[in-house]
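Dear colleague,

Please find the structure for your review below. My notes on what was found in it follow directly after.

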Amino acid sequence: MLDFLSQTIWLIPCYALIGAGLALPWSPGFIRRTGPRPAGYINALMTFMAFLHSLIALSDTWNQPPYALSFEWLNAPGLIINLDLEVSTLALGACVLITGLNFLAQVYAIAYLEMDWGWARVYSLMGLFEAGMCLLVLCNSLFFSYVILEILTLGTYLIVGIWYNQSLVVTGARDAFLTKRVGDLILLMGVVALLPLSGTWNFSELAIWAETADLDPTVATLLALTLIAGPIAKCAQFPLHLWLDEAMEGPYPATILRNTLVVSTGAWVLIKVQPIIALSPFGSSVVFAIGAATAVGTSLISVAQIDVKRVLSYLTSAYLGIVFIAVGIGATQAALVLLLTYALAMSLLIMSTGGIVLNNITQDLTQYGGLWSRRPISGLCLIVGGLSLVALPPFGGFWSLVQIADALWETRPGLFAVVLAVNAIVASSVTRVFGRMFAGEVTDFTRRSSEGLWLLVLPMTVLAGVTLHIPLLLAQWDLLPDWAMVNRSLALLLTWSSLAGIGFGSLVYLNPNWEKPVKLSSKAVQDFFAYDFYTPQLYKGTIIFAVDRISKAVYWLDRYIVDGAVNFVGFATVFGGESLKYNTSGRSQFYAFSIILSVAIFILLTTLPHFSNL
């Protein structure tokens with residue numbers, strides 16, 4: 001049995017697809033007598049089966065060398081495209097994380113969507129995300145990784161716009177789709193250009209090729225920039241970061257997946273193509289420069305937001321910015337560990353706030369307060385998630401950030417200061433969320449707020465237990481850095497930055513004597529952070545304005561030049577035909593005269609240059 005599960009690892013993405021297909025009949029308009037709930041139960045069961053398959057296969061292949069599977073997809077003269085899969089401990093561990101979090105999110109959704117009739121659509125799309133992400137981590141082909149990213153982009157559009165009768169939802173889904181399409185289009189250029197240069201799309205072969213590749217510096221730089229563009233959009237990095245904030249209009253269970261796993265797919269592909277990006281020093285510099293700018297900017301923006309989902313979305317961009325920094329300096333293993341610890345911590349933060357938002361019908365942090373005595377389980381889970389997110393020992397986030405700090409100190413010490421500052425700001429931002437929700441006086445919104453349904457609380461507490469045990473799991477997997485080799489000073493600085501951020505947040509938001517909401521002395525500075533550095537307005541004044549003008553110019557050319565020429569030919573033809581029809585008398589001698597006259601005019605026009613020479 002174990003051998004069968006280990007040899008059929010390619011079936012793991014199929015469980016979710018089967019569940020998604022079986023859920024569709026419970027869409028409104030088909031099966032009504034049972035209600036939509038069977039769609040959720042079927043998908044949760046199939047996801048749990050995928051989780052068990054991944055877990056058993058992981059234990060059976062632990063510390064075994066990776067092996068490859070290949071399926072021929074296209075065989076044409078001069079072009080053979082194969083779907084290459086690589087079964088490794090890393091890929092199966094990622095499958096366990098994806099299926100496990102997806103199962104908890106689906107159980108969470110059973111309670112969250114209790115009164116919603118759109119279960120079939122939500123659960124089918126969650127199954128699509130699960131299947132796509134599992135296939136992505138198993139895939140060993142850049143071409144098919146791009147195809148999977150495209151499918152996930154479509155899934156993001158559909159699940160964000162699930163409540164399509166609301167205008168903000170439709171706008172958020174559209175903007176998320178179009179923004180990610182910008183990065184996808186540029187990434188496609190790099191995918192197409194890479195094949196004739198390397199002769200392969202296989203990640204393992206590309207890494208070997210990159211070790212000896214001798215590319216022109218300009219070509220290497222352009223290739224690196226195109227490969228970076230896709231992950232920038234997927235991971236919501238500057239300047240393509242606005243879509244994640246607008247995508248928060250989707251349901252909370254989908255947010256659990258989107259803000260932890262779906263956005264990480266871009267980082268996964270970025271790590272895979274890192275050897276190619278490293279061929280261009282400028283390309284590597286662009287990666288960590290974008291990551292640093294995003295990490296600092298979005299962490300500062302999160303502190304100024306009053307919508308809890310906006311706070312979490314900007315923290316997501318900030319942590320993925322740190323992942324970009326790690327990839328830019330070549331610390332790919334540290335980046336993978338950070339993706340693991342971040343995914344669990346952020347999922348816990350989203351779950352702990354989601355039940356509160358569902359019960360209190362508001363996302364405005366200024367309307368909350370006094371929930372500690374009413375919802376202690378949610379408060380404890382939020383604390384565990386927040387402490388696991390920042391660099392505070394012995395939690396998981398500390399060990400991942402320490403590895404990145406060591407790598408930065410050896411190569412680019414200036415970026416260590418960026419990570420230090422971002423860590424302190426994130427700690428302060430998470431403390432602010434806790435203080436606004438659980439501290440202070442009870443408000444009209446929280447007066448009758450109690451812990452939610454047990455299906456909301458159960459996945460949250462299970463995830464809190466897993467998050468607390470992550471350091472032990474990392475030690476078991478030999479992923480913790482050797483403490484004897486760790487720079488103690490850097491670890492101490494990271495710890496103090498976390499304590500400083502938590503202390504400042506506590507001083508302001510756990511102190512009943514501090515006036516809230518906090519207002520800066522300069523309203524212009526406060527608005528600058530609250531309105532996302534005025535990035536939307538900048539887009540409207542530059543890109544959107546330019547596209548609008550170019551579109552109007554193209555419309556004018558098409559309407560009056562292209563269509564005008566075609567309409568003129570058509571009008572001349574109609575006019576000529578209408579004029580000639582009066583010459584149709586039925587007399588053959590008149591037709592002969594017309595032919596002779598036409599031939600004479602043609603001969604005259606042809607010989608006219610010769611007469612002019614005479």
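**The strand hairpin**

Strand 1 and strand 2 form a hairpin with two residues between them, and Gly 78 in the turn has a positive phi of about 85°. Strands here are DSSP runs of E with at least two residues, helices are runs of H or I with at least four, and both are numbered from the N terminus. This is a predicted model, in which local features need pLDDT of at least 70 and side-chain atom pairs count only at pLDDT 80 or more, while totals for chains, interfaces and linings use all residues. Residues are numbered from 1 along each chain as its sequence is written, and side-chain values use heavy atoms, with hydrogens and water left out.

Strand 1 covers residues 67-76 and strand 2 residues 79-87; the two pair in the antiparallel sense over nine bridges (pairing requires that DSSP finds at least two bridges between two strands).

**The largest pocket**

The largest pocket holds about 1,100 Å³ of space. A pocket is an open set of points on a 1 Å grid over the protein atoms alone, where a 1.4 Å probe fits, with protein on both sides within 12 Å along at least five of seven lines; lining residues have an atom within 4 Å of a point. Grid points are joined across faces, edges and corners, and the volume is the space filled by probe spheres set on the points.

Of the 43 lining residues, Gly 93, Ala 94, Leu 97, Leu 340 and Trp 477 are the closest to the centre of the pocket. Helix 4 gives the most to the lining, with twelve residues. The lining has 35 nonpolar, eight polar and no charged residues, where Ala, Val, Leu, Ile, Met, Phe, Trp, Tyr, Cys and Pro count as nonpolar, Asp, Glu, Lys and Arg as charged, and the others, Gly among them, as polar.

The loop between helix 9 (217-234) and helix 10 (242-246) contains Pro 239, and the peptide bond from Phe 238 to Pro 239 is cis, with omega near 0°. Ala 236 lies in the loop between helix 9 and helix 10 as well; although Ala 236 is not a glycine, it has a positive phi of about 55°. Pro 393 and Pro 394 are also joined by a cis peptide bond, with omega about 5°. Pro 394 is found in the loop between helix 17 and helix 18 (396-411).

Yours sincerely
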